[in-house]
Amino acid sequence: LFDAMHHTPEVTRLELASVYNEVSNPQGAIGELKEGLNDPQSPLQIRTTLESIYEKTGDFADLEKFYQDTLEKYPQSYFWYCRAGLFYLNQNNFKKAQEFLLKSWDFSIQQNKPDLGVLVPYLESLYKDNQYDKIFSFSSDLIDSPAAPIVYAFMGQAQFKLNQQDEANSSFDKALQKAGPNDRIQNLILEKMLDTVGAEAIEKWYQKQISEDPKSFPAYLMAYQLAQKQEQYNKAIEFLDQCIEILGKEHPGWATLAIKKGNALISAYIKTGDGDYLNRSIVLFESILEKQPENPSLLNNLAYLLIDNDQKIDTALAYARKALLNNPGNSVFLDTYAYGLCKTGQYQEAQRDLLRAIQINEVSQVPIPWDMYKHLGMAYEGLGNYKQALEAYQKALEASTDAPEKNKQQLQQKIK
């Protein structure tokens, strides 16, 4: 058996590593993956899986050696310089983080693939290291580039730290102006402003923008982001309605905004228990599906919403099945479909699909969501396998850090 292992395809090596990892033998997994790295054609996933196992075991000396060896093999890889830089940033080794992240940025520029995602951790490492002058000097070359909103946000944060309140407000204002309707960058700026000048400054900004231009899409989008962050869901929905009205239903971005609104409605339902929010979200998602009937993520998400709330289960299963047919290897889609099978008493099929979904995540080194374990517990319980059901519910509870309190209580009841 062990001789055979050394001649297995690389995909099988990943599966073997998953088995070793599952039975709490990370060294076996590491050995199998390191052997796979000897193949010059080994896929990237072998290297990233090995990285993930080192992270989980907390073997930081070996992880550091892994990055050194990787960068010797790929000396101009901005991806791996970034990964190494993030490692040092998480270790609070800011000087090393700056060294590797700056190299990552420089290589991405040289290869004509400027990676703005590297800038955030690099500037974060400078900020945490109190290197404010370096933030200003580095940012000065980028204020007229696509990176402008990012660097202005960090400049504002540094200026606030230096008690330069007016300059900080000015930098944040420029960051927001440059960000435009980019909600991901807006969210970064939002976090920096909440950490420094506060929510009032954000409100003043978008109110001023709206007073000057009642159809300012970026202003309403930022207003939505702040309200959503503060769990003021009715306000968030109102601001999204303004965004949707400005764009119009025929705009390509309409569906994205409508999905955000649907999610805000669901958040309001979870917070209040008011079924009207749930019904409105279902109607909205169904209207989006009419425009995008082949969208697998939308099919899956609507199916899950219906199944989780015992609404139109047969229709939900049809949606989930359609999503799964488009991507049969998607563990999230498998989980949703299996959840629907549980609700219709098809426990054997549900168990099969859930075990497969869990295996997909294990092989890919993707964390297993708490509700996937919960659904597996439901399948085992429906089959009368109560010991296995209890184990699955226990795993669900252990993984439920970010789950709503109501769900945690339900799992605790199952385990009693």
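## Aromatic pairs

Rings of Phe, Tyr and Trp (its six-membered ring) are taken as a pair if their centres lie within 6.5 Å; planes under 30 degrees apart count as stacked, over 60 as edge-to-face and the rest as tilted. By this rule the structure holds 15 aromatic pairs. This is a predicted model, in which local features need pLDDT of at least 70 and side-chain atom pairs count only at pLDDT 80 or more, while totals for chains, interfaces and linings use all residues. Residues are numbered from 1 along each chain as its sequence is written, and side-chain values use heavy atoms, with hydrogens and water left out.

Phenylalanine 66 and tryptophan 80 form an edge-to-face pair, with 5.7 Å centre to centre and 80° between the planes. Phenylalanine 66 lies in helix 5 and tryptophan 80 in helix 6, so the pair ties together parts that are 14 residues apart in sequence. Helices (H or I, at least four residues) are DSSP runs numbered from the N terminus. Phenylalanine 66 counts as buried because its relative accessibility is 6%, and tryptophan 80 is buried at 3%; buried means under 20% relative accessible area, exposed over 50% and partly exposed in between (1.4 Å probe, protein chains only). Both residues belong to one aromatic cluster, whose members include Tyr54, Phe60, Phe87 and Phe107.

## Helix 24

The buried residues of helix 24 are Asn407, Lys408 and Leu411. They cover an arc of only 100° around the axis, and therefore lie on the same side of helix 24; the arc is that of the directions from the helix axis to the C-beta atoms. On the other side of helix 24, Lys406 and Gln413 are exposed. The buried residues pack against helix 22 and helix 23 (386-398).

Leucine 411 has 3% relative accessibility. Not counting residues up to four places away in sequence, leucine 411 touches Trp370, Lys374, Tyr393, Ala396, Leu397 and Ser400, where contact means heavy atoms within 4.5 Å.

## The largest pocket

A pocket is an open set of points on a 1 Å grid over the protein atoms alone, where a 1.4 Å probe fits, with protein on both sides within 12 Å along at least five of seven lines; lining residues have an atom within 4 Å of a point. The largest pocket holds about 1,200 Å³ of space, the volume being that filled by probe spheres set on the points. Of its 41 lining residues, the closest to the centre are Ile270, Tyr304, Asp308, Trp370 and Asp371. Helix 18 gives the most to this lining, with eight residues.

How values were computed: Helix = DSSP H or I, 4+ residues; strand = E, 2+ residues; numbered from the N terminus.
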